[in-house]
Each structure stands twice: as structure tokens, then as C-alpha cells.
Amino acid sequence: MHRGRRLLGVATWGVLLAFGSILRADPPDGSASTSPATQSPSSEPTVGHKLAGSLVALMEDEIKSGFKTRSIDRAWQQFCSYAAMKMDTTSGAFTGSEVTGNCRLRWYDRLMRNPLSAPAEAEKFTRDLHVALRGDHTGLDQALRIAREKMDHGSREARRFAPVTSPEAALDAVGEALNGAQAGYAAALAPLTRSELNELVRSLYPVLTGSARQGHTLDDRGTGRRLCDLMEKMDRAGLYAAADALIPLADPDLLKQLASLPDDGEVRVEGVTGKVVRQVVMPGGAIVVGGKEKNVYDLDKMTGVTAIIDLGGDDEYREGAVSFERPVLITIDLGGDDRYEATRPGVQGGAVLGVGMLIDVAGNDVYRAKDVAQGSCLAGVGILIDYQGDDQYLAIRRAQGQALGGLGLLIDRAGRDRYHAAMWAQGYGGPLGFAVLDDLAGEDHYYAGGLYLDSYPETPGYEGWSQGIGSGLRQVASGGIGVILDGGGDDVYEFDYISHGGGYWCGLGFARDFGGNDRRYGGTRTAYSGGARGEPMFQRFSNGFGCHYALGFLFDDAGDDSYGGTIMGLGFAWDLSVGFLCDFGGNDRYEATGGGTQGNGAQAGLGVIFDYTGNDTYLGQGQGFASPGISYHPLPQCGGNFSFVIDYGGKDTYGCGAQDNTYNRRGSDNGFLIDRPLPEEAASPQTTARPKDGTRAGT
């Protein structure tokens, strides 16, 4: 064992002095109102902690300094070289092993080869994406350009949008959006033969969702692989062109002009109960305009209708499946407490091999569905934007910002909202999928799990697979990009297995909360139905983790937060993976206490917790512990396990017995628990203690 080292060596003091005021406890700024339309994503942050990027750079420097301090630079280089070799040898569509290169993203590949630069990219990506989604339609345009690049669909220039100055011009814009969405959809399907298209139509939902009860793979893996191969063959850039066509519909001026349409006509439309003031037949299909009183829309009975605009009232929308039979559907509701009810897949801003968009401008709304709903897609585009109100989103699988083979977005701009799902939800990106749930404001409650028994027979609990998860399907395909973002408020997150800022099976997952005192429960407190759990409270993989050749990131910018779970979480990496949990402020509690928890790498992994300022509490004894043993990969070729807990500032409590302002070896040479004062705290008296692992913590 190494003896405790002098707290502030020459190299580290150089870092502190170089950052200067950056390392002071500057308050976060989550209230700036600069519009993304005029704010460059790379300029001074307008959300979250002002110094988040600099703090991530400090963390990277601390990790590199630790390698030098312990003379394990060579081991780290072996880790990076081994990861690069694995990326090379598994890049083919068929490799002779479970890990293959089908559906693999270039960004994922690059981050796997450069794991220490990954947190800086992840911090910037989540911040830029949130800044864009806070804006109007020009911000949505920026977000879709970000998605294009990350999903290997190239780049494009920012769009220019003509002003919408009349209700008729707004209606024309809706028609143009329909035409553009249909053209993009047709382009996406063009590479497929009729037989291949029939395969997708017949099997997408049953194989990828309908028969699924476990999150990590499929019952019919052979057909699942075939479907993923066909989605790779699609021109998925066409799907992004379809999404681009819908951007003008998020223009606040367009929505205002639509709201001023006269409520003085009346026509009959099959499937509508209540007043319809207008029906406009356009090349892209009929546009129906409902009146300001209550309407009931049986959307599946409204054949030939591709857009619904409702002027107000407490309305009810039933079904409305978007599929190959009706490949494009736009719904714009301009006011009222509305109910959206459905049992079929591809609804409520969802799509199965189609393009769906739902915009609700105001009201306390309820969205209730089963699968592939609420900003979700299979081989398509699903977008839901809710502007105001205390809303409820209720679904089961593949919902609330989920994508497999396309783009899924759920943007809620205000209100105290409730999200309730069982699996593959709330920012879940499956193979070839880019998925985002961004709730911009309010005290929100997120629930994911409680229904399907977990697929680990040795431990109890439920599947979750939600809240910022980028995941592949084992023995089927590599993963996509999943993101959950929250703009502020005291939020509650409940989740079961494989949830909250994590990557699985060659995927990338991101979670970020920009403000508020947040509670993260590792394990849903009730069953999905709301009754008592049938399984003991137990949760596995969460809070900034990577599992099986994956990367996951969790950032929290401010507030007194708690992080729960049972095992294998909280900045945890397993099997050639990377996991980071970064908290930039507040008095925080790290509550998961099971084995391999709190800043741990295992089976050739890099796991890190970084906490800046605050009086923090770390329960259990696993902080920064690195086991010297590996069974999945050969030593010394794979480099080893790398584990870090790095805490700056405050009076902290560690379950392992480490003391403030000490530098500790935890397990092997690759295990670090580093507690440092802020510059203004560095002159305070130091103490010497002996942590429970026997390492002397020196001053």
C-alpha cells in the first residue's frame, strides 16, 4: 500500500493557480434568458454552472496527475490501446463474437478510443443541446443539426425561416411541412425493395417491442438483427429531412396566427365529434381545423386527414397510429386541458415506420398510451412539444423520448410534470436512434420500471432501461444515443435496472439536471400500477455508468442532491466501459452502498465520481476502490481497473473512513480517493487519519 501523499503537490498547485477564480465557488446560473437563436452554442454558457466546462477540465487533469503520481501511465495507455484494438477487431458486421460493428456510430467509436476527453465532449453536448431546445423553432433547428452530426448524417447550414404574418400563411406553412415530411419519408424508404419494406411493416413492432419483456435483448434475435440491417440500409438522412420539414411548426408566430383562425364555419368530418370550422385539402392530405369548444377526435377514423389544428377547448384525442398505412400525422392543439388516449403503437407524437408530430400549446394535459408513444419512434420520427401546463405522460414501453432507427424528441417547456413508464423510455436511444427528453422547467417526477422482472436471475428487481440510456440489443446491434435533460426545479427520479445516464452494449447515454435539489431513487418505490412492489428494493447499474463496451455520463449543476441505487452504480464502469458522475455544487449524498459502487471501474473499466464544493456524504465503503483482478479481459494487455472519487471543497464524510484533504490509495494502485480543499480553504489545519482500507491518509 502507498502511504498517504502530501495533499497539494507542485503539479496540483499549478492547476489550482492556473484556474484561479475558476475554482472558487461561483454560483450556477440557470436563469439566463439569452435565446439560442442569437446564442452560439460554443460561447459563454447560458444554463447550468457557468464553469462546468472548466471543472470537467480540472477533473481530467486530476485523473492524469493521478496516473503520474502512481506511475501507472503505462497501464492507462495499455487500457486505451486495448480499447482501440477492440474497436478495430469488432468493427465488422460479423466478427465471430457477440460484439459487432453493425449500427455502430462514429462518435461512439471515437469516444471509446479517447475516454479521458469524453466527459468534456459530453458536457458540451448536453449543454448545447439544452440551450438549443430552450429556444424557438430556430433552436429546434440547431438541435436537429446536432443530432444529424452525432448520428453520422452529415452537417447542414442553419435554415432561414420566412415570417408568418397571417392565418392563411400559417395554414400554407402547415401544408408545406406536410409535403416536406412526406418527401423525406419517401426518400428514407427508397433504398428498400418491396419485399424488404414488407418485412419492416410486418415485424418492426412485434419483434422490437410487442414480445419484449427484457431490456438487454430480444426474444427473436435473428429477426431483430435482420430488421436492424434493413434500417441501416434505409436512407435515414431522409428521416432527418422529414424532421427538418416540421421545424417551422414550432414557430411561436405561426402558432399565434393559427390561433387567430376564425371560429365561424362548420363542416362535417368523419371521426370528429364537436365543431369543425374548416377542412383544407392539400397535396399532402387534408387539414382539419377544430373549433374552440370541446371536440373528440377518433383519429383512426379520420382517413385522408394528415393534420389536425384545434383552436381550443378541453379536447379528447383517441388513437392516431402513425405507420406505413398513414405515414405522416401532425396534431396542433392551441389550448385547453386535453386528454390523449391510445392503445395502438405509434401515437401522440410517435411513429412506427412513419413521421409523427404533436404540439400542445397550453393546458394541463394527460397523455396515456401503451407503446411507441409520446415522442417515440421505430424506424421513423416522433416529436412531441408541450408548451405549458402540469402534464402527465403515462405509457409502458418505448415512450417519452425514445428512438430505435430514427429520431425521438419530447420537449416539455413548463409546468410540474409527471412521467411514468415501465421500460425503454425517458430519453432511450436504441440502435440507430437519437432520443431526447428535455423538461425545461418545473418540479417534475420521473418514474421508470416496476413492471417487468429484471433479466439478472441472481438478483431481485425490475427492468428500467430509461432516463438517458443509449443501448444496443445484445447479439443484435450496437446502441444509439439517449439523453434526459432537466432545466431546473426540485425533481424526483425513480428508476430500476440500467437507468439514469448510462450506456449499454456499444451505446452512449447522458443525463443532466441543470438546477434544483434532486432526489434520485435507485429502485422505484412502488410497482408500476402504484401498488406495493412485488420485488425487494434492489437496483443495478445507474447514475453515470457504462456496461459492456459503452459510455455513460451524469451531470448535475447545482443543488443538494442524492444518488441512490444498490450495486454497480454512481460513476461505475463494467467490461471495457466508461462511467462518469459529475456534480458541480451543493451538499450531496451518495447513498448506493452495494459492491462495486461509487467511482469504480471493473472488468477493465474507468469509473469516476467528481464532486465540486459542498459538505458531501458518501455511504458505504466502496469509494474509488479498484480491484486488481479481471476475468473478462487479459492482463496486463487491458491495463486494469481505474477508479476515482475526486471531491473538492467542503467538509465531507466517507464511509470508508477517509478524511478531508487527503489523498488515498483504494485497492490497487489504480484506485483513488482524492479530497482537496478549494484554494481559500487550503490554509486551514490538516489532520491525519487511517481509512478502513489501511492506507494512511497524509497531510
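**Close-up views of a predicted model**

**View 1. Asp 557 and Arg 512 join their side chains in a salt bridge, 2.8 Å from N to O.** A salt bridge here is a side-chain nitrogen of Lys or Arg within 4 Å of a carboxyl oxygen of Asp or Glu. Asp 557 sits in the loop between strand 33 (551–556) and strand 34 (562–563), and Arg 512 in strand 30 (residues 508–513), so the pair ties together parts 45 residues apart in sequence. Helices (H or I, at least four residues) and strands (E, at least two) are DSSP runs, numbered from the N terminus. Asp 557 is buried, at 0% relative accessible area. Arg 512 is buried too, at 2%. Buried means under 20% relative accessible area, exposed over 50%, and partly exposed in between (1.4 Å probe, protein chains only). A network of salt bridges links Arg 512 and Asp 557 with Glu 123, Lys 124, Arg 127 and Asp 128. The structure holds 36 salt bridges.

The model is predicted: local features need pLDDT of at least 70, side-chain atom pairs count only at pLDDT 80 or more, and totals for chains, interfaces and linings use all residues. Residues are numbered from 1 along each chain as its sequence is written, and side-chain values use heavy atoms, with hydrogens and water left out.

**View 2. Arg 665 and Asp 669 form a salt bridge, with the closest N and O atoms 3.3 Å apart.** Arg 665 counts as buried, at 16% relative accessibility. Asp 669 is partly exposed, with a relative accessible area of 26%.

**View 3. Asn 670 lies in the loop between strand 43 (663–665) and strand 44 (671–676).** Asn 670 is buried, at 9% relative accessible area. Its side chain reaches the backbone oxygen of Asn 641 at 3.2 Å. Beyond its neighbours within four places in sequence, Asn 670 is in contact (heavy atoms within 4.5 Å) with residues including Ile 72, Ala 626 and Phe 642.

**View 4. The largest nonpolar core has 164 residues.** Such a core is a set of buried Ala, Val, Leu, Ile, Met, Phe, Trp, Tyr and Cys residues joined through side-chain atoms within 4.5 Å. Helix 7 (residues 167–189) gives the most to this core, with 10 residues. Leu 258 is among the residues with the most contacts inside the core. Leaving aside neighbours within four places in sequence, Leu 258 is in contact with residues including Ala 170, Leu 171, Val 174 and Ile 309.

Terms used
Polar contact = N/O pair within 3.5 Å; in protein donor to acceptor, adjacent residues only side chain to side chain.
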